[in-house]
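Please look through the sequence and the structure shown here before reading on, and keep both at hand while you read.

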Amino acid sequence: MLTTTESPHAYPRRILVAVTGLSPQIVTETLYALAVAPSGAAFIPTEVHLITTRSGAEKARLALLSDEPGWFHRLCHDYALPAIRFTRDTIHVLEGADGKPLDDIRSPADNRRAADGITALIRQFTADPDCALHVSIAGGRKTMGFFVGYALSLYGRPQDQLSHVLVSEPFESSIGFYYPTPSSRVIEMPGGRLVDSAQAQVTLAELPFVSLRHGLPEALLTGLASYNETVAAARSALAPARLQIDLATRRVAAGGKVFSLPPAELALLSVFARRAQHGEEPLPAPAKELPDSDWKNRYLVELRWIAGPMKDLDETERALRKGMDGGYFSAHLSKLKKILRRELGPAAEAYLISDGGSRPRRYSLGLRPTAVAYGEIESVAPE
């Protein structure tokens with residue numbers, strides 16, 4: 001039974017996405033199960049998008065959108081469905097590396113291009129908050145079904161659904177069957193057997209998926225990242241957190257990214273990173289209006305490593321002449337959190353300095369000692 005927890009049928013824009021090869025019946029079978037004979041609330045798409053190859057697009061156009069037989073239009077008429085946008089423009093033909101339509105998906109290069117094309121469409125559709133997506137993996141090459149299902153796992157939201165259409169015997173093996181008709185229609189099966197399409201049973205098998213969307217950086221949700229880049233970002237977000245700090249270049253490697261930090265914020269992060277590396281206890285923050293000399297000393301040690309022996313730190317030392325107070329600490333901690341969240345998105349949570357969540361507040365970086373390292377960073381975070 002298809003879940004309706006997020007009421008996908010109530011969204012103003014409802015999209016059915018299907019992948020097909022040379023079996024355009026998948027579109028009408030799935031539409032029938034969603035809109036005519038649903039197991040729950042009817043999901044009547046406002047538009048249908050088909051992802052296919054060049055030959056698959058031609059067969060879909062002739063079988064589904066032509067005047068005769070025009071099975072898509074017949075289905076809508078037979079069951080008095082409201083207007084659903086499904087035209088040549090919503091049939092998306094996958095392209096090869098040369099920019100030409102793919103006739104089939106046979107080589108590793110074809111697979112990469114298909115993955116990128118499918119991922120781009122799913123990312124585009126899921127960027128619309130007023131849209132609910134229903135994705136069918138029933139047709140096309142097995143790799144096409146895998147890619148569209150995985151793309152939905154990467155970008156899908158609570159209102160989006162994934163399914164496979166099931167057709168009763170013997171209709172699933174008939175090239176002339178498109179949907180259960182409201183009145184008798186006799187079709188011939190292989191071997192000459194005659195059956196009535198009105199007796200067919202078509203249902204959907206829901207395929208629950210784990211959404212990884214909230215583990216992706218914002219840039220990948222709105223940008224043009226390839227399938228491989230998106231998968232790599234998801235892996236980094238799900239992998240155990242590891243932090244490497246390069247004080248000489250003022251860079252950190254975290255969450256699969258390498259980025260720079262301002263000296264003041266890097267020094268504060270390094271204070272807590274060293275404590276995590278040595279398994280030391282959390283620290284209380286300096287009091288709000290009471291300068292703390294211990295905090296001043298541990299902070300300036302890190303700042304001098306960052307600045308180098310020849311760098312003048314007179315301005316900072318004057319600001320901390322009597323010690324570090326809570327205002328100075330909070331300002332730089334807030335800025336550090338902001339930078340980490342901007343760079344890492346949801347993956348930043350593992351690298352934020354936590355106050356422990358209860359009083360008295362005691363601050364720490366919640367990484368294992370073996371997850372923190374210092375040294376030269378080349379280009380990517382350590383594995």
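This report goes through a sheet, the nonpolar cores, a loop and some backbone details.

The model described here is a predicted one. Within this model, 6 strands form an open sheet of mixed pairing, and their order across the sheet is S3-S2-S1-S4-S5-S8. The edges are formed by S3 and by strand S8 (202–206), each of which pairs on one side only. Direction ignored, neighbouring strands of this sheet are turned by 30° against each other on average.

At one end of this order, strand S2 (residues 47–52) and S3 run parallel and are joined by 3 bridges, and Thr 52 is found opposite Val 93 in S3. Helix H4 (residues 108–126) lies across strand S1 (13–19), S2, S3 and strand S4 (131–136), and the helix runs at about 150° to S4.

In soluble globular proteins, nonpolar side chains tend to be buried together. The largest nonpolar core of this model has 43 residues, and those with the most contacts inside this core are Leu 243, Phe 272 and Tyr 299. Two or more residues each are given to this core by S9, S10, helix H8 (263–277), helix H9 (293–307) and helix H11 (326–344), while the largest share, 9 residues, comes from H8.

What does Tyr 299 touch, if residues up to four places away in sequence are not counted? The residues that Tyr 299 touches are Ala 264, Ala 267, Leu 268, Val 271, Thr 316, Leu 320, Met 324 and Tyr 328.

## A loop with a buried serine

The loop between strand S5 (161–167) and strand S6 (186–188) holds Pro 170, and Ser 174 is also found in the loop between S5 and S6. Is Ser 174 buried or exposed? Ser 174 counts as buried because its relative accessible area is 7%, and the cut-off for buried is under 20%.

The side chain of Ser 174 has a polar atom that lies 3.1 Å from the backbone nitrogen of Gly 176. When neighbours within four places in sequence are left aside, Ser 174 is in contact with Gln 25, Ile 187, Glu 188 and Met 189.

## Backbone details

Most residues other than glycine have a negative phi, and most peptide bonds are trans. The peptide bond from Glu 169 to Pro 170 is cis, with omega near 0°. A cis peptide bond also joins Arg 359 and Pro 360, where omega is about 0°, and Pro 360 is found in the loop between strand S12 (353–354) and strand S13 (364–365).

Ala 80, a residue other than glycine, has a positive phi near 50°, and its place is in the loop between helix H3 (71–78) and strand S3 (91–93). Ala 80 counts as exposed because its relative accessibility is 68%, and exposed means over 50%. Arg 250, which is not a glycine either, has a positive phi of about 60° and lies in the loop between strand S9 (243–246) and strand S10 (251–254). With a relative accessibility of 28%, Arg 250 counts as partly exposed.

Conventions: Residues are numbered from 1 along each chain as its sequence is written. This is a predicted model: local features need pLDDT of at least 70, side-chain atom pairs count only at pLDDT 80 or more; totals for chains, interfaces and linings use all residues. Side-chain values use heavy atoms; hydrogens and water are left out. Helices (H or I, at least four residues) and strands (E, at least two) are DSSP runs, numbered from the N terminus. Buried means under 20% relative accessible area, exposed over 50%, partly exposed in between (1.4 Å probe, protein chains only). Two strands pair if DSSP finds at least two bridges between them. Axes are lines fitted to C-alpha atoms, for helices over the stretch in contact, and angles run from 0 to 180 degrees between N-to-C directions. Contact means heavy atoms within 4.5 Å. A nonpolar core is a set of buried Ala, Val, Leu, Ile, Met, Phe, Trp, Tyr and Cys residues joined through side-chain atoms within 4.5 Å. A polar contact is a pair of N or O atoms within 3.5 Å; within protein, one must be able to donate a hydrogen and the other to accept it, and residues adjacent in sequence count only if both atoms are side-chain atoms.
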